[in-house]
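Subject: Handover of the two-chain model

Hello,

Here is the structure I promised to pass on. Please open it first, then read my notes below.

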Amino acid sequence: MKNMTKDITAGAAGRRRAASGDPLGPNSEIGRKLKQYYDELVSDHVPDRFAQLLSQLERTEPAPKKD
Amino acid sequence: MTAVSQSFKTDLLGSIPSLRAFAVSLTQNADKADDLVQETLVKAWDKHESFQPGTNLKAWLFTILRNEFYSQMRKRGREVQDSDGIMTARLAVHPAQHGQLDLKDFRGALEQLPEDQREAIILIGASGFSYEEAAEICGCAVGTIKSRVSRARTRLQEILKISGEDEYGPDAISAQVTGSNAA
């Protein structure tokens, strides 16, 4: 129970990165939330209407040349 | 007009999740977003010849989607929000509790940003575009994107009452806690 001194240096390094590096990087709360927000949107189920739309567009265009 | 290649169609299909995410970020409305994506796909299909193979298709599509969004807004007679506008009065939101920021609060805060700032911070912080690519998508200078991202970030911090995140990030806090325990 005494060896709880882990990662103090890692914390300091993280602090330096947050202060000097990418302001929207993984050490930024805003940066993390932004990615979480966006990833949730990206992983949302895509409705069938879009695949249908593309098939429909394909049908209405002139047939592709064979060679 | 030459036929749309199979690979172009496949790539279009593959881009839909990102396009929808960007569209929701812009419109803040799922139905409007899907209509916008539909318009974007039709436009992209019609002008597929103007896409240069080997260049960034996602950036090309985002540009079309963004132009469509702003032209629809103009048609509806809505003024595009100005970043330096009068949003400050609406800024108050309850502070994040225990330093843990709720995604719902974050969404609400994002919604309060002017469109130009919101799109900039999304393109840079979430969609993975470079400042140069984002500038091209938005048709503005790289410096403009940088300043919009920076203002967006500052405003989000204000709305969410995250103060001095640089000095007091989670890493710093855990370091302090473990540090004092160890001493």
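Predicted model: local features only at pLDDT ≥ 70, side-chain atom pairs only at ≥ 80, totals over all residues.

Chain A has 67 residues, and 22% of them count as buried. Its secondary structure is 3 helices and 0 strands. Along the sequence the pattern reads α-α-α.

Chain B has 183 residues, with buried ones making up 34%. It holds 8 helices and 0 strands. Its pattern is α-α-α-α-α-α-α-α. Take the contacts in chain B with a separation of 6 or more: 66% of them join residues 24 or more positions apart.

**Helix α3 of chain A**

This helix covers residues 49–60.

Is α3(A) largely in the open or largely buried? Of its 12 residues, the number buried is 1, so α3(A) lies largely in the open.

**Where chain A meets chain B**

α3(A) packs against helix α1 of chain B, residues 6–27. The angle is about 160°, and the axes are 10 Å apart. Angles over 145 degrees count as roughly antiparallel, so that is how α3(A) runs relative to α1(B). The crossing of this pair is right-handed.

On the chain A side, the residues are F50(A), A51(A), L54(A) and E58(A). They meet K9(B), L12(B), L13(B) and I16(B) of α1(B). By class, this contact has 6 nonpolar, no polar and 2 charged residues. The spacing on each side is worth a look. An α-helix has 3.6 residues a turn, so residues three or four places apart point the same way.

Start with α5(B), residues 115–125, and α6(B), residues 131–138. They pack at about 140°, with axes 9 Å apart. The two are therefore oblique to each other. Their crossing is right-handed. α5(B) brings E119(B), A120(B), L123(B) and I124(B) to the contact. α6(B) brings Y131(B), A134(B), I137(B) and C138(B). The class count is 7 nonpolar, no polar and 1 charged.

Next, α6(B) and α7(B). Their angle is about 100°, and their axes are 8 Å apart. That makes α6(B) roughly perpendicular to α7(B). From α6(B), the contact uses Y131(B), E132(B), A134(B), A135(B) and C138(B). From α7(B), it uses V142(B), I145(B) and K146(B). Here the classes are 6 nonpolar, no polar and 2 charged.

**One residue to look at: T144(B)**

T144(B) sits in α7(B), which covers residues 142–159. How exposed is T144(B)? It has 17 C-beta neighbours inside 10 Å, so it counts as partly exposed. A residue needs 20 or more to be buried, and 12 or fewer to be exposed. The C-alpha atom of T144(B) is 10.0 Å from that of D116(B). Those two residues are 28 residues apart along the chain.

Over to you.

Note on methods:
Residues numbered from 1 in each chain as written. Chains lettered and ligands numbered in written order. Helix = DSSP H or I, 4+ residues; strand = E, 2+ residues; numbered from the N terminus. Axes fitted to C-alpha atoms, helices over the stretch in contact; angles between N-to-C directions. Parallel < 35°, antiparallel > 145°, perpendicular 65-115°, else oblique. Left-handed = near helix turned anticlockwise from the far one by under 90°. Contact = placed C-beta atoms within 7 Å. Nonpolar A, V, L, I, M, F, W, Y, C, P; charged D, E, K, R; others polar.
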